[in-house]
Amino acid sequence: MKVEKNNVVAVCYELKVNDGETGMVPYESVPEDKPFYFLFNAGEVFPKFEEALLGKAAGDTFIADLSYEDAYGDYIEEKKTIIPKANFKEKGKKNKDLLRVGNVIPMQDHKGGQIRGEITKIDYKGVHMDFNPPLAGYDLLFEGKIISVRDALPEELEHGHAHEPDGHHHH
């Protein structure tokens, strides 16, 4: 079966990133025994990543070379902000485990949507957070292999995402 719209595709890959200074450096590895599953053409992955897989079959290899524009876009300085420490209190108390540099905290934007914010610094001004995606501004290179391709189940199409390998999903 060839990769096309409404297929569930499983891939393994090596992801390298290029920040424009050090060249391509390894960032993430998804092994064959724990592949990444996604619903093709459902907006779960970058369109240029899907382009590299279209028409291929299980066992085929692929290379997806994405410029930062085709991936997470530019790093935007305005996505950094300082939030008062009082906003992070739980039941009136400071949560010491939560307020640590490097922690990624799920937050809501002004429209109520989920966004991830990384704590970059904590000082007298408050909690410095960066809401840029971790790979914003980086060119990405995926080198991998297609592990499996199958037709999506009706509930996967309805939900707009792939479920477990056998089609089950636990919410």
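Are phenylalanine 38 and phenylalanine 49 buried or exposed? Both residues are buried (under 20% relative accessible area, with exposed over 50% and partly exposed in between; 1.4 Å probe, protein chains only). The model is predicted, with local features requiring pLDDT of at least 70, side-chain atom pairs counted only at pLDDT 80 or more, and totals for chains, interfaces and linings using all residues. Residues are numbered from 1 along each chain as its sequence is written, and side-chain values use heavy atoms, hydrogens and water being left out.

The structure contains 8 aromatic pairs, defined for rings of Phe, Tyr and Trp (its six-membered ring) with centres within 6.5 Å; planes under 30 degrees apart are stacked, over 60 edge-to-face and the rest tilted. The ring centres of tyrosine 13 and phenylalanine 49 are 6.4 Å apart with planes at 75 degrees, so this pair is edge-to-face. It links distant parts of the chain, 36 residues apart: tyrosine 13 belongs to strand 1 (residues 7-18) and phenylalanine 49 to helix 1 (residues 47-53). Helices (H or I, at least four residues) and strands (E, at least two) are DSSP runs, numbered from the N terminus. Tyrosine 13 and phenylalanine 49 are both buried. Phenylalanine 49 also forms an edge-to-face pair with phenylalanine 38, at 6.0 Å between centres and 65 degrees between planes. Here phenylalanine 38 lies in strand 3 (residues 36-39), 11 residues from phenylalanine 49 in helix 1. One aromatic cluster comprises Tyr13, Phe36, Phe38, Phe40, Phe49, Phe62 and Phe142.

Strand 1 pairs with strand 2 (residues 24-30) in the antiparallel sense over 6 bridges, pairing requiring at least two DSSP bridges. Valine 17 has valine 25 of strand 2 as its bridge partner. The hairpin of these strands has 5 residues between them, and glycine 20 adopts a positive phi near 90 degrees.
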